[in-house]
Amino acid sequence: MSIIQVPQISTNEEKAILIEWFVDDGSFVRIGDPLFTLELSKVATDIDAEENGFLEQIVHEDTVVTVGQIVGKIHPDSKDSRSQIKDLQPEVIKENKNDICVVTKKAAVLMKENDLNIGDFPKQGIIRSEDVNCLLFRNINLQKIKNSNSPCNTSQYMSNTDIDKLKNQLNILHRQMREKYDRHVPTGTLLNDRWNQASDYGFGRGTSMYDEALILGNVQVGENTWIGPFSVLDGSGGELSIGSFVSIGSGCQVYTHDSIKWALTGGNASFSKKMTSVGDCCFIAPMSIIGPGTIIGNHCFVTAGSFVNGEFDSNSIISGSPAKRVGKIRIKGKNVSFQYDKEE
Amino acid sequence: MMNKLIEKALYIRAFEETLHELFRRNFISGTIHTCIGQEMAAVCLYHNLNKELDIVFSNHRCHGHYLAFGGTAEELLTEMMGRNGAICKGRGGSQHIWRNHFFSNGIQAGFTAAAVGYAWAIKLQKKRSVVVCHIGDGTLGEGLLYEAFSFSVLLEVPILFVLEDNGIAQSTITKQTLTGSVKDRVEAFGLAYIETDDLEPEKIVQTASEAIDLARNFKPGLFHIKTRRLCAHSKGDDTRSTEELSELWAKDILSTKINNNPEFNQVYQKFKADIIRLSGQISRQEYAVYESKAIPEPPPKNYTDCAISTKDKKYRQGELLNQALKEILSADDKVVILGEDIADPYGGAFKITKGISSLYNQRVFSTPIAEAAIIGTANGLALAGMRPVAEIMFADFTTLCADQIINQSAKYYYMYGGNVKCPITIRIPSGGYRGYGPTHSQSMESLFTGIPGLRVLALSRRHNPAMLLEKAICDNAPVLFFENKTDYPDYILTTPPAGMKQSVAQKSDTPYSPICFCPLDDLKADITLVTYGGAVKLLERAIEVLLIEYEILCDYFILTQLSPLRFQSIFESVKQTRCLVAVEEGFCRGGVGDELISEISQAFNRVSTGLVRPHFVPIPTARHLEKQVLPSVENIVDSVRKTIAKVDKN
């Protein structure tokens, strides 16, 4: 236990007024926490705690005090204090030497429920509910491993309540998504930011990519390109380069390799590999497939469901299976005109 | 001798006449204030000055002073025409000239306190120089002039104020605005008063010699010269009648000489031809190049950070500041402190200067209540190579010296072409939570953070006050050192906030780097929190609540330098968290937090931001009202949770 005295603040004043206690009687305080305010003629001063523990107030607010007077006490644990200590005081527990560990309220509740204490955790500075859950999960698995004495699939130990919880949380996220953006997306995209994913893959600024896309090997994408759900971008057979402001529709597949000969020869022939490229400002409509070695210029429009193979100049309309150039595109500022070739 | 003086005056006349011509042809930007009709006054007065030793503080009408004090027409023209190699690099122009012992400044009375400060420095440095400070009759309306008068007498400094009384202030006849008599005003302050007229040049030479000797022996005075302005104030703003003007021209000694004395006429014509030729040469030179460095480099010492070391644990902030001042005064005799009520036994309103005047009486000036003159005097001391530390008792009073800070301290370095430094430190106790009410509780830093040329620092409970103050005093830039009055009696915080450790990002920013903390166990922060000064206390309590109640982790920055702002380490953190809340006790609008968020939103897309600051009302006195207006822990916790909730993850 330590005592709290009125310090000498000004050399020419012996008396001061204790204006306000910042901490309730019986509450936990930590070193450096402001305890109370003293007011002198022109200066008001906050006095801080110099020890961890539970506060006992001796002097009331708005009392005149003199230098050296004892105004309160700090008790190392709650039993000495006159008032009750709530169960969920912020838990700051001094472990061994100088390691202070902070336990959040939620974590404290969980620890209490599961009969854990700080010693059960690896040496760390913060214990959150997440950390407690992790520890519990690991303990369950350890237990199972011990019992069955064989490697186990962790998912089989997820309890029904856990699964319900998870489903519940996912439902909340789905609802939020619906409210905010009026859409339902698969769980992958629900949990992952589309722009972050694209930027993690090294794609240009402003490019977004659904989590449901399949990206293989060396794929380079410019800026502000939209990569739709369920698309396949294959850079495994050489560089697949896609420009800026390109829209890769849902279910589009762009390849740089094929295994036709490999399959037909029963594995005697190897894969054939060719670089593929799509220029800037192209619209690849949904469900189109672009074969290896294809080169598409800028400002091209590939109609839905086309199979594209070969080389195409800029400003082409590309359509059909196999696809041909069926017209050209003219762009003037914001206006686009589609000029289809006359059928022969 | 008199003929020589007249020739000198004719040179000035020829120069000024040429300027009118150059101005008409658009060779000079801005405006010019010519001294046609007043040349003799300066020439006769300066006959008694020692150009190696003495100092001139001139005003907007400074060309004559400059040339009479040994400057050349070439230097002056190059500066006014903004050409390469100009003494002030084209930044000062006609009104703001510097050259060795010569300073000029365009603000009425703006320089008078600086002149007193310079003179005080001369006295402290035990030199035999004298300072001549020019004012006009229009200056008699400015309050700072009288503050400077009283400072000069209190400090007994070697200064001679020179009043060039041409009877007209811009377009207003001075008689209409002047009450009482100049003599009475001056003598009321205890200054010596000498009255002359430039129609009697011999008399000026003689009386000026006496007045300057008197000043040199620490008897300040005012030398009143009646003179006549023959042209407009600047250009085209003369409302006097032609009859009036021709009467004045008839009295003019120089034009009489030019018209009636062929010898002088010849000399005058030759001067004019010379100057026109010179201006032609200069106009063919390259223009001066733009540079953006508005503030000198920070002190060269390699400071790694200003977080305090644990050995200082048991000190209160106020005690450390007091100790630091004592140590700095004992280590460096260039350091001078000045302010209101700072002397013993009182030792300052917050006791920061207690015990200092008893130790260093000569270098402590407990001033009259005159904030503008305090800063002005400090500016002058700084120009003379001293390192003054001024105290403004309450931050709220910085408005009283705002002109001195903004138009003087902040400008010298850039305006005088980087040739002059103004290493003043202004200590400013600020902040509320004490019930001192609307005019004694404000945090004024954001008034100054937008001013280029100033360094604005904020002390907090986490800074080592001694180290930061020493750095500020060693700094060659003018430093506004904001302290928080509620922090003085507090212990310095040495252990990191709950669940945090000092971040390594600390080291990358130099040299007034922010203090940064990040979560323990290398956990990723959910939000970046930024604060400074007195708000540190609040924010740290909020950080604890956020962690323990809501499991929110943060990167936490305490700014040291509020202007010029450096963002690097904060940017790094925001890149990760995409979420930032700034907490400050400053003004509700246009504060440091606003600036930070503006920079962040220019640098990043999709960052969620929040600001915690006082309400947009003056700070009330009653404790419960004040509490509502100023930021609180609850405000911070709320704002952080809202900001995190609106992070756009899609």
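## Exercises on a two-chain model

Chain A and chain B meet through 36 residues from chain A and 36 residues from chain B. Keep in mind that this is a predicted model.

**Exercise 1.** Work out how much area chain A and chain B bury between them, and what share of it sits on carbon and sulfur atoms.

*Solution.* Start with the total: the two chains bury about 3,300 Å² between them. For reference, take chain A by itself: its accessible surface is about 19,900 Å², with 50% belonging to carbon and sulfur atoms.

**Exercise 2.** Count the salt bridges between chain A and chain B, pick out one example, and then say which elements of chain A supply the side that touches chain B.

*Solution.* Step one, the charged pairs: there are 8 salt bridges between the chains. Step three, polar contacts: 12 residue pairs between chain A and chain B make one, both partners at pLDDT 80 or more. Step four, the elements: at least two residues each come from strands E2 (15-21), E4 (34-39), E5 (44-48) and E10 (99-103) of chain A, and from helices H1 (105-113) and H3 (160-181) of chain A. Of these, E5(A) gives the most, with 5 residues. Step five, the classes: the side of chain A that touches chain B has 14 nonpolar, 10 polar and 12 charged residues.

**Exercise 3.** Is Ser129(B) buried or exposed, and what does Ser129(B) touch?

*Solution.* First find the residue: Ser129(B) lies in the loop between helix H5 (112-124) and strand E4 (131-136) of chain B. Next, check the accessibility: Ser129(B) is at 4% relative accessibility, so it counts as buried; the cut-off is under 20%. Now the neighbours: leaving out residues up to four places away in sequence, Ser129(B) touches Leu53(B), Asp54(B), Ile55(B), Ile122(B), Pro158(B) and Arg216(B). Finally, look at the polar end: a polar atom of the Ser129(B) side chain is 2.9 Å from the backbone oxygen of Leu53(B).

**Exercise 4.** Sum up the fold of chain A: how many helices and strands are there, and what percentage of its residues is buried?

*Solution.* Begin with secondary structure: chain A has 6 helices and 29 strands. Then burial: 40% of the 344 residues in chain A are buried. Last, the sequence range: among contacts in chain A with a separation of 6 or more, 31% join residues 24 or more positions apart.

How values were computed: Residues numbered from 1 in each chain as written. Chains lettered and ligands numbered in written order. Predicted model: local features only at pLDDT ≥ 70, side-chain atom pairs only at ≥ 80, totals over all residues. Heavy atoms only, no water. Helix = DSSP H or I, 4+ residues; strand = E, 2+ residues; numbered from the N terminus. Buried < 20%, exposed > 50% of the residue type's maximum accessible area, 1.4 Å probe, protein only. Contact = heavy atoms within 4.5 Å. Areas by Shrake-Rupley, 256 points an atom, 1.4 Å probe, with all protein chains shown as cover. Polar contact = N/O pair within 3.5 Å; in protein donor to acceptor, adjacent residues only side chain to side chain. Buried area = accessible area lost by both parts, 1.4 Å probe. Salt bridge = Lys/Arg side-chain N within 4 Å of Asp/Glu carboxyl O. Nonpolar A, V, L, I, M, F, W, Y, C, P; charged D, E, K, R; others polar.
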